[in-house]
Amino acid sequence: MLLFSIQMLSVQPDTKPKGCAGCNRKIKDRYLLKALDKYWHEDCLKCACCDCRLGEVGSTLYTKANLILCRRDYLRLFGVTGNCAACSKLIPAFEMVMRAKDNVYHLDCFACQLCNQRFCVGDKFFLKNNMILCQTDYEEGLMKEGYAPQVR
């Protein structure tokens, strides 16, 4: 896999028009894209799978197997999938996840495993015996001797 940046450049009126790597025509637009050391019309630099305009979806593109791809399609085709530490179901490579140490979770599964409280950005959570706990359940468990929580 190779990751490349995409630059949007203004075309200077006093310069000779550059050729587009996609359609081989001269670029006479106000802006052009530079990627893979080549110049492109904004409409010509597209993902080989979903046809999205790569200059609009981000500042990077991926190449593999002679394909130019957006991030989502690259991960869908070539990314590594894994299993959620909470529900054990498959997590597609392109899906957003939460991580705690070596564990990976679906966003919906990232919750206290005792009371099912969902976490918001900035909330404290604790990983005890490989379980995600909210602060309340973690502190209650510390006060009990022989802490061994059971998942409800």
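This is a predicted model: local features need pLDDT of at least 70, side-chain atom pairs count only at pLDDT 80 or more; totals for chains, interfaces and linings use all residues.
The chain has 152 residues, of which 26% count as buried, and its secondary structure comprises 3 helices and 12 strands.

**Overall dimensions and contacts**

- The radius of gyration of the protein is 24 Å, whereas a compact globule of 152 residues would have a value near 15 Å.
- Along its principal axes, the C-alpha trace of the protein spans about 80 × 30 × 20 Å.
- Among the contacts in the protein with a separation of 6 or more, 27% are accounted for by residues 24 or more positions apart.

**Annotated spans**

- An unreviewed UniProt entry lists residues 18-80 and residues 82-144 under "domain: LIM zinc-binding".
- Residues 18-80 are 19% helix and 25% strand, and the C-alpha atoms at the two ends of this span are 38 Å apart.
- Residues 82-144 are 14% helix and 32% strand, and here the end C-alpha atoms lie 35 Å apart.

**The sheet S2-S3-S4**

- Three strands form an open sheet in the order S2-S3-S4, and the pairing within it is antiparallel.
- S2 and S4 stand at the edges of this sheet with a single partner strand each, so one side of each is left without a neighbour in the sheet.
- From one strand to the next, the twist of this sheet averages 35°.
- Strand S2 (residues 7-10) pairs with strand S3 (residues 31-35) over 4 bridges in the antiparallel sense, and leucine 9 stands opposite leucine 32 in S3.
- S3 is joined to strand S4 (residues 38-40) by 3 bridges, again with the two strands running antiparallel; lysine 34 stands opposite tyrosine 39 in S4, while alanine 35 has lysine 38 in S4 as its bridge partner.
- S3 and S4 form a hairpin with 2 residues between them, and leucine 36, which lies in the turn, has a positive phi of about 60°.

- S1 and strand S5 (residues 60-64) run antiparallel and are joined by 4 bridges.

**Phenylalanine 4**

- Phenylalanine 4 is found in strand S1, and its bridge partner in S5 is leucine 61.
- Phenylalanine 4 has a relative accessible area of 28% and is therefore partly exposed, since that class lies between the buried limit of under 20% and the exposed limit of over 50%.
- When neighbours within four places in sequence are left aside, phenylalanine 4 is in contact with Leu36, Ser59, Thr60, Leu61 and Thr63.
- Phenylalanine 4 and leucine 36 are 32 residues apart in sequence, and their C-alpha atoms are 6.7 Å apart in space; leucine 36 is the residue already named in the turn of the S3 and S4 hairpin.

**Positive phi in two asparagines**

- Most residues other than glycine have a negative phi.
- Asparagine 24 has a phi near 70°, a positive value in a residue other than glycine; asparagine 24 is placed in the loop between S2 and S3 and, at 68% relative accessibility, counts as exposed.
- Asparagine 66 has a phi near 60°, which is likewise a positive value in a residue other than glycine; asparagine 66 is found in the loop between S5 and S6 and is exposed, with a relative accessible area of 85%.

Technical notes:
Residues are numbered from 1 along each chain as its sequence is written. Side-chain values use heavy atoms; hydrogens and water are left out. UniProt positions are given in the numbering used here, feature names are shortened, and annotations may be inferred rather than shown by experiment. Two strands pair if DSSP finds at least two bridges between them. The radius of gyration is taken over C-alpha atoms; the globule rule is 2.2 Å times the number of residues to the power 0.38. Buried means under 20% relative accessible area, exposed over 50%, partly exposed in between (1.4 Å probe, protein chains only). Contact means heavy atoms within 4.5 Å. Axes are lines fitted to C-alpha atoms, for helices over the stretch in contact, and angles run from 0 to 180 degrees between N-to-C directions.
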